[in-house]
Amino acid sequence: MQIAEVANGIIDPVLARRAGISTSLLGSWDEIAGEDFADCSRPEKISWPRQNASDEAGGYQPGVLTVACEGARALFLTHAQGELIARINAFFGFPAVRQIRIIQKPVSVAAKHRARPQPLKGDAARRLDGMMEGIESDALKRAVARLGTAVLQKKR
């Protein structure tokens with residue numbers, strides 16, 4: 001048995017209870033959403049309607065999928081939601097979703113900032129100082145020093 005199978009066995013019931021989705025939906029989202037929306041959207045939860053005992057359809061009704069989407073791309077996702085609903089229902093194998101509710105919020109993981117480069121030494125430091133001789137503004141001098149230090153660093 002693989003670790004992923006064990007983890008999914010533990011996580012799936014919690015996700016199903018809290019959000020109405022499974023790890024398989026999350027894991028397959030890139031293929032379901034397609035290349036246009038995979039990088040800017042993610043499924044948040046599926047809200048299932050309350051079941052009524054007098055319901056003639058056997059008590060089952062499709063749910064509403066809440067999808068987080070970034071900024072202006074949400075408008076394009078709104079226009080493509082019919083196709084997305086069809087893909088989601090094809091993934092589940094039954095009409096699980098009848099509507100998509102789009103909420104705008106950041107989805108992608110922010111890029112990590114690189115560590116500050118080490119100060120220059122020797123010839124490189126003297127070369128950078130020579131380049132900055134005519135600069136009077138302290139703010140501009142600091143900015144050029146940061147840029148020059150990053151550019152003149154030896155590649156590892």
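**Figure 1. Aromatic pairs in the predicted model.** A search of the whole structure, which is a predicted model, finds 2 aromatic pairs. In one of them, the ring centres of F91 and F92 lie 5.4 Å apart and the ring planes meet at 70°, so this pair is classed as edge-to-face. F91, F92 and F94 together form one aromatic cluster.

**Figure 2. Accessibility of the residues in the aromatic cluster.** The cluster is made up of F91, F92 and F94. F91 has a relative accessible area of 31% and is partly exposed. For F92 the relative accessible area is 26%, again partly exposed. F94, with a value of 38%, is partly exposed as well. These assignments follow because partly exposed covers the range between the buried limit of 20% and the exposed limit of 50%.

Figure 3. T66 belongs to strand β2, which spans residues 63–69. Its relative accessibility is 3%, and T66 therefore counts as buried, since the class takes in values under 20%. Leaving aside residues up to four places away in sequence, T66 touches R42, P43, E44 and K45, and also R101 and I103.

**Figure 4. Packing of helix α6 against helix α7.** Helix α6 covers residues 123–131 and helix α7 residues 138–152; their axes come within 10 Å and cross at roughly 145°. The crossing of α6 past α7 is right-handed. On the α6 side, the contact is made by A124, R127 and L128. The α7 side contributes V144, A145, G148, T149 and L152. Sorted by class, the residues in this contact are 5 nonpolar, 2 polar and 1 charged.

**Figure 5. M132 in the loop between α6 and α7.** M132 sits in the loop that lies between these two helices, α6 and α7. With a relative accessible area of 8%, M132 is buried, because this value falls under the 20% limit. M132 touches K141, V144 and A145, when residues up to four places away in sequence are not counted. For M132 and V144, which are 12 residues apart along the chain, the C-alpha atoms are separated by 7.4 Å. V144 and A145 also take part in the contact of α7 with α6.

**Figure 6. Context of the close-up views in the protein chain.** The protein chain contains 7 helices and 3 strands. Read from the N terminus, the order of its elements is α-α-α-β-β-α-α-β-α-α. The chain has 156 residues, of which 28% count as buried; T66 and M132 are buried residues shown in the views above. Among contacts with a separation of 6 or more, 62% are between residues 24 or more positions apart.

Notes:
Residues are numbered from 1 along each chain as its sequence is written. This is a predicted model: local features need pLDDT of at least 70, side-chain atom pairs count only at pLDDT 80 or more; totals for chains, interfaces and linings use all residues. Side-chain values use heavy atoms; hydrogens and water are left out. Axes are lines fitted to C-alpha atoms, for helices over the stretch in contact, and angles run from 0 to 180 degrees between N-to-C directions. Helices (H or I, at least four residues) and strands (E, at least two) are DSSP runs, numbered from the N terminus. A crossing is left-handed if the near helix is turned anticlockwise from the far one by less than a right angle, and right-handed if clockwise. Contact means heavy atoms within 4.5 Å. Ala, Val, Leu, Ile, Met, Phe, Trp, Tyr, Cys and Pro count as nonpolar, Asp, Glu, Lys and Arg as charged, and the others, Gly among them, as polar. Buried means under 20% relative accessible area, exposed over 50%, partly exposed in between (1.4 Å probe, protein chains only). Rings of Phe, Tyr and Trp (its six-membered ring) pair if their centres lie within 6.5 Å; planes under 30 degrees apart count as stacked, over 60 as edge-to-face and the rest as tilted.
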